[in-house]
Amino acid sequence: MKTVQGNGVTALTMEVARVQAIASISKCMDTIPSEYIRSENEQPAATTLHGVVLQVPVIDISDVDEEKVVKMIAEASKEWGIFQVTNHGIPDDVIANLQKVGKAFFEEVPQEEKELIAKNPGSQSIEGYGTSLQKEVEGKKGWVDHLFHKIWPPSEINCRYWPKNPPSYREANEEYAKRLRDVVDRIFKSLSLGLGLEAHEMMEAAGGEDIVHLLKINYYPPCPRPDLVLGVVAHTDMSHITILVPNEVQGLQVFKDDHWYDVKYIPNALIVHIGDQVEILSNGKYKSVYHRTTVNKDKTRMSWPVFLEPPSEHEVGPIPKLINEANPPKFKTKKYKDYVYCKLNKLPQ
């Protein structure tokens with residue numbers, strides 16, 4: 001990385017411009033590079049319904065009335081595609097440690113060390129430290145850096161992409177992965193029962209014990225013009241479901257009833273997104289949520305989504321029991337890797 005002078009402005013140049021570096025330059029000015037400025041129909045200041053905070057369904061999954069929990073999860077997945085779960089059984093300190101080590105990686109580890117686990121530009125894998133993820137219209141960029149790596153199952157983990165610093169990073173992530181599995185099982189079970197299937201059927205169709213848990217840490221530095229940028233552009237998740245831990249800084253928005261709304265966080269809750277693969281498995285009964293993220297002028301926003309994905313060779317299509325003459329298949333059955341390729345390259349499915 002080197003510093004160059006031009007037109008009275010100091011800029012950092014590196015093989016890939018990290019948003020964290022750009023943010024440190026931009027904070028002295030009320031301006032940002034043009035490639036981060038969204039078109040008017042995307043700018044959050046112009047497109048957010050202000051004064052309204054969306055209260056997405058909040059579900060206590062420790063409730064002894066299992067039928068009630070199933071009904072609430074199924075309804076939220078059909079109507080919203082997003083819900084928050086409380087009393088999920090993951091201790092507060094396990095989540096706090098996950099957040100602590102992730103924050104330390106971005107804010108305390110030297111840039112040169114972070115770059116050692118950067119994504120290989122020529123690789124098909126999305127694991128590693130990076131900035132851009134998919135093709136963006138008009139070459140626009142999101143105001144975010146990220147780190148991807150798999151945390152489950154053990155056969156899928158590539159330690160090359162796990163930070164060695166801070167030293168407690170691995171322990172914190174392994175503990176969270178272990179605790180998360182019970183939550184995943186409960187959500188899949190409820191989604192299955194909510195469609196009139198046996199409790200185990202949706203998880204089996206999704207990949208069973210081979211379902212990949214892919215962690216992403218999003219790091220959104222302060223931005224002098226949060227009214228003009230997006231952290232992550234509007235999208236649905238490719239995964240079956242996504243289970244997300246946010247920090248305390250607001251930023252998640254959901255598109256509902258033709259408007260973008262801020263989502264209100266519930267302290268210590270997990271945010272659950274229905275993704276494309278569960279929409280496909282349910283033959284469209286459950287809806288993947290269309291969402292985006294905004295950034296803050298003064299505070300760093302972070303989030304820790306875990307994407308629950310099928311193995312790359314696993315074929316996903318509507319569950320046969322849900323198909324009949326009155327309800328023909330709405331989606332093609334295809335290997336997950338092919339679905340991902342089409343989505344990332346904006347090709348028709």
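In strand 15 (301–309), Glu309 is the bridge partner of Val212; strands are DSSP runs of E with at least two residues, helices are runs of H or I with at least four residues, and both are numbered from the N terminus. The model is a predicted one, in which local features need pLDDT of at least 70 and side-chain atom pairs count only at pLDDT 80 or more, whereas totals for chains, interfaces and linings use all residues. Residues are numbered from 1 along each chain as its sequence is written, and side-chain values use heavy atoms, with hydrogens and water left out.

Strand 8 and strand 15 are paired in the antiparallel sense over 7 bridges, where pairing requires that DSSP finds at least two bridges between two strands. Strand 7 (residues 145–152) is also antiparallel to strand 8, to which 7 bridges join it, and His146 stands opposite Asn218 in strand 8. Of the 9 residues of strand 8 (residues 212–220), 9 are buried, so this strand is largely enclosed by the rest of the structure. Buried here means under 20% relative accessible area, exposed over 50%, and partly exposed in between, with a 1.4 Å probe and protein chains only. In a regular strand, side chains alternate between the two faces of the sheet. In strand 8, Val212, Leu214, Lys216, Asn218 and Tyr220 point one way, while His213, Leu215, Ile217 and Tyr219 point the other way, and all are buried.

Pro310 lies in the loop between strand 15 and strand 16 (315–316) and is buried, at 2% relative accessibility. The C-alpha atoms of Pro310 and His240 are separated by 7.5 Å, although these residues are 70 apart along the chain.

A further, open sheet contains 5 strands in the order 3-12-11-14-9, with mixed pairing. Strand 3 (48–54) and strand 9 (232–235) form its edges; each has a single partner strand, so one side of each is left without a neighbour in the sheet. Strand 3 runs parallel to strand 12 (residues 259–263), and 3 bridges join the two; Thr48 has Trp260 in strand 12 as its bridge partner.

Most residues other than glycine have a negative phi, and most peptide bonds are trans. Asp257, which is not a glycine, has a positive phi of about 55°; this residue lies in the loop between strand 11 (252–256) and strand 12 and is exposed at 57% relative accessibility. Asn268, also not a glycine, has a positive phi of about 70°. Asn268 is in the loop between strand 12 and strand 13 and is exposed at 51% relative accessibility. The peptide bond from Trp152 to Pro153 is cis, with omega near -5°, and a cis peptide bond with omega of about 0° joins Asn165 and Pro166.

Cys159 is partly exposed, with a relative accessible area of 34%, whereas Cys342 is buried at 13% relative accessibility.
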